[in-house]
Amino acid sequence: EDALLRCIQETLWSDGAPQDFHSKYGLGVLVSGTVFYSLVWGYVLTETRIEWNLSPVKRVIEKNW
C-alpha cells in the first residue's frame, strides 16, 4: 500500500516529461495556435461574404393589433 501511494505521488509530482514538454513546446504551440485562429477568422470575416445583419435598422416589422 505504501509503495503504491509513493508511486502515485512520484508520478504526480515528478520532474518528468510533462514539464519538459511544456517548457520546450509550450510557447510555440500557443503562438502557432493564435496565428492559426487569427488567419481562419480573418478569412471567414473577409472572404466568405456572410451577411451578419448586425443592425436592426429597417428590419423591424410592426405587427398589426
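**Exercise 1.** State which residues UniProt lists as "transmembrane region", and determine what secondary structure this predicted model gives them.

*Solution.* Step 1: the unreviewed UniProt entry lists residues 25-45 under that feature name. Step 2: in the predicted model, the chain over residues 25-45 is 100% helix and 0% strand. Step 4: for the protein as a whole, the count is two helices and zero strands.

**Exercise 2.** Locate Tyr-37 and classify it as buried or exposed.

*Solution.* Step 1: Tyr-37 lies in helix α2, which spans residues 17-47. Step 2: its relative accessible area is 54%. Step 3: the cut-off for exposed is over 50%, and therefore Tyr-37 is exposed. Step 4: Tyr-37 also belongs to a nonpolar surface patch with Trp-41, Leu-45, Ile-50, Trp-52 and Leu-54, whose accessible area together is about 720 Å².

**Exercise 3.** Describe the surface of the whole protein.

*Solution.* Step 1: buried residues account for 0% of the 65 residues. Step 2: the protein exposes about 7000 Å², of which carbon and sulfur atoms supply 63%.

Definitions and conventions. Residues are numbered from 1 along each chain as its sequence is written. This is a predicted model: local features need pLDDT of at least 70, side-chain atom pairs count only at pLDDT 80 or more; totals for chains, interfaces and linings use all residues. Side-chain values use heavy atoms; hydrogens and water are left out. Patches are made of residues with over 30% relative accessible area and no salt bridge: like charges are joined within 9 Å, nonpolar side chains (Val, Leu, Ile, Met, Phe, Trp, Tyr) within 5 Å. Accessible areas come from the Shrake-Rupley method with a 1.4 Å probe; for residues, only the protein chains shown count as cover. A salt bridge is a side-chain nitrogen of Lys or Arg within 4 Å of a carboxyl oxygen of Asp or Glu. Helices (H or I, at least four residues) and strands (E, at least two) are DSSP runs, numbered from the N terminus. Buried means under 20% relative accessible area, exposed over 50%, partly exposed in between (1.4 Å probe, protein chains only). UniProt positions are given in the numbering used here, feature names are shortened, and annotations may be inferred rather than shown by experiment.
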